[in-house]
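Open the model in your viewer and keep the selection tool at hand. Each stop below tells you what to pick and what is there.

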Amino acid sequence: GATDIDNHGQEEDLPIADVDRNIHTFGLPLVACRSKSGGIHAYLFLRDPTPAARVRELLTQWAVKLGYAGSEVFPKQTRLTARDGKMAFGNWINLPYFKAADTARYAFVDGKKLTLGELLDHAESIKLDKVKLRALLVADHPDAPPCIQAILSRGASQGHRNEAMYNVAVYLRKVDPA
């Protein structure tokens, strides 16, 4: 998954070092990469297939933490549907390292531009498995009652979604009445 932080037609590139610093400050498992337009793509790497809705939820929350609320999130769809008997494609994002030897689209970690090989090694080292991903979903609400933490970490089973959604909404309303 990725958060696409655009520079919206500004002549200067967005400060990738600042985004990298915020990624580390908040302990987010992301890698900042320069985008084609001078913006930043913050990539999330996962070990296991994960529902797109869960990935979108996390990346949307993290974009806010990074100071870029409203950024595009990839995947853009929570599910793909068939059209005329063929599976539809999702939206695409330009990947880093086009013309790798002489690229302006690079990863930036700990104040340093990474080579493609270094990015691949780093991405492998920060991949999230299902357990770590669930922990991150709960981490934003450590004071939530155990039943809410269970819903946040495991989701709601079929037939109990309305009740789960109601309970989460009540909890969130109590946490932030505004």
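Rings of Phe, Tyr and Trp (its six-membered ring) pair if their centres lie within 6.5 Å; planes under 30 degrees apart count as stacked, over 60 as edge-to-face and the rest as tilted. By that rule, this structure holds one aromatic pair.

The model is predicted: local features need pLDDT of at least 70, side-chain atom pairs count only at pLDDT 80 or more, and totals for chains, interfaces and linings use all residues. Residues are numbered from 1 along each chain as its sequence is written, and side-chain values use heavy atoms, with hydrogens and water left out.

**Colour by confidence.** pLDDT is the predictor's confidence in each residue, from 0 to 100. The protein chain has a mean of 85, and 96% of its residues reach 70 or more. Helices (H or I, at least four residues) and strands (E, at least two) are DSSP runs, numbered from the N terminus.

**Select E57, I151, G155, A156 and M165.** Of the 17 residues lining the largest pocket, these lie nearest its centre. A pocket is an open set of points on a 1 Å grid over the protein atoms alone, where a 1.4 Å probe fits, with protein on both sides within 12 Å along at least five of seven lines; lining residues have an atom within 4 Å of a point. The volume here is about 620 Å³. Helix α6 gives the largest share of the lining, five residues.

**Select D4, H41 and W92.** They are among the residues that line the second largest pocket. Its volume is about 160 Å³. F74 is also one of the lining residues.

**Step from F74 to P75.** A cis peptide bond joins them, with omega about 10°. P75 sits in the loop between β4 (72–74) and β5 (82–83).

**Select Y97, then D110.** Y97 has a phi near 75°, positive although the residue is not glycine. D110 also has a positive phi, near 55°. Which is buried and which is exposed? Y97 is buried at 7% relative accessibility, while D110 is exposed at 59%. Buried means under 20% relative accessible area, exposed over 50%, partly exposed in between (1.4 Å probe, protein chains only).

**Finish at C33.** This residue lies in strand β2 (residues 30–34). C33 is buried, at 2%.

Note on methods. Points joined across faces, edges and corners; volume = space filled by probe spheres on them.
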